[in-house]
Amino acid sequence: MKVDPPTAGPRQAEFEALFQRHSREVWALAYARWMDADLALDIAQEAFMRLWKQWEAGEEIQNPRAWLLRVGRNLAEDYAKSAFRRNGTSPPQFMNGVLSKEVQPLESLVRQESFAQLRGILEEMPVGDRDLLTLRYALDYDAQQIAEILGINATAVHMRLSRARQRLADRLTAQGVKTIL
Amino acid sequence: MSAEISKITEDNLDQLLSGFFKAALPTPFPPARCLVLRDEMPMPLSAITTPNRRALSRSRLSLAASVALLLGGCWYISNQIGTQVDRPTVGKGEGSAKVPKAILNAHDAAKKMTP
């Protein structure tokens, strides 16, 4: 269905409202896929850019949230096939062992070490579990909200979250992470 | 598992996960890039990011015209060369060459002188 292209006014306000409400959700799903915050931000921006272009072309989108989440997921999947991924720079976790010239407080170092261990474990987990954990802990979403985004029921969210957390706790304990700063 | 390693608590895990994911989440979340671009550039975003349809058809037309011109040129030149080959060439056939008058006169003079 063709609609009027967006102009400065109500359509732009609608777009800004959509961005405010859903940009973090698109980011969260892209982040869960690749565990790369900058890449996830690029994917979220690209998804919204495509929405804007659809509107400019006069296309009507019935459910912008679902559309954005689907485009975000597809973009994240496409990234696996892109030349940049094959030939691009090293992911940030490869820089974990490189020491900064700045002297860092011990607290920050311990925290970074815990995060690096946690990242390693998260990377080995299924993407579905990472989706749940990212939405739960980055966005503070409850089971109902997560269920809406992922298209599953809230009971399944509870169950899968609980299992994922248990697996994480076991792995972290095995690696000697016991105090969290 | 070593005995000195204590089991991680639920609260600790929540704290760790929350800290980890919130550290990754850009804060504040940057504004929509397309709106920033739109404010900076007066033309529609699609005009910047996707080629104009009219410009695309114009470039296709000029490409077709150049190819046609090239083929036509080749055809014309090959025809020209063909006709040049068919035409009798000057000086190749027997007796077709023009002998300069001075030589002819000298030749005639020499004939007269001989008995």
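Q: Two residues are in contact if their C-beta atoms, placed from the backbone, lie within 7 Å. With that settled, which residues of α2(A) meet α3(A)?

A: This is a predicted model, in which local features need pLDDT of at least 70 and side-chain atom pairs count only at pLDDT 80 or more, while totals for chains, interfaces and linings use all residues. Residues are numbered from 1 along each chain as its sequence is written, and chains are lettered from A and ligands numbered from 1 in the order in which they are written. From α2(A), the residues Leu39(A), Ile43(A), Ala44(A), Glu46(A), Ala47(A), Phe48(A), Arg50(A) and Leu51(A) take part. Their partners in α3(A) include Trp67(A), Leu68(A), Val71(A), Leu75(A) and Tyr79(A).

Q: What classes of residue are in that contact?

A: There are 13 nonpolar, 1 polar and 2 charged residues. Ala, Val, Leu, Ile, Met, Phe, Trp, Tyr, Cys and Pro count as nonpolar, Asp, Glu, Lys and Arg as charged, and the others, Gly among them, as polar.

Q: And at what angle do the axes of the two helices cross?

A: Helix α2 (residues 37-56) of chain A and helix α3 (residues 64-81) of chain A cross at roughly 130°, and their axes come within 9 Å.

Q: Where does the largest nonpolar core get its residues?

A: That core has 49 residues. At least two residues each come from α1 (10-34), α2, α3, α5 (106-124), α6 (127-137), α7 (143-150) and α8 (154-174) of chain A, and from α1 (10-24) of chain B. α2(A) gives the most, 10 residues. Val26(A), Ala30(A), Ile43(A), Ala44(A), Ala47(A) and Phe48(A) have the most contacts inside the core.

Q: Which residues is Ala30(A) in contact with?

A: Apart from its neighbours within four places in sequence, Ala30(A) is in contact with Leu39(A), Ala40(A), Ile43(A), Ala44(A), Gly72(A) and Ala76(A).

Q: Turning to chain B, how many of its residues are in contact with chain A?

A: 26 residues of chain B are in contact with 31 residues of chain A. α1, α2 (33-40) and α3 (45-49) of chain B each give two or more residues to that side of chain B, and α1(B) has the largest share, 10 residues. By class, the side of chain B that touches chain A has 17 nonpolar, 6 polar and 3 charged residues.

Q: How many helices and strands does chain B have?

A: Chain B has 5 helices and 0 strands.

Definitions and conventions. Axes are lines fitted to C-alpha atoms, for helices over the stretch in contact, and angles run from 0 to 180 degrees between N-to-C directions. Helices (H or I, at least four residues) and strands (E, at least two) are DSSP runs, numbered from the N terminus. A nonpolar core is a set of buried Ala, Val, Leu, Ile, Met, Phe, Trp, Tyr and Cys residues joined through C-beta atoms within 7 Å. A residue is buried if 20 or more other C-beta atoms lie within 10 Å of its own, exposed if 12 or fewer, and partly exposed in between; C-beta atoms are placed from the backbone.
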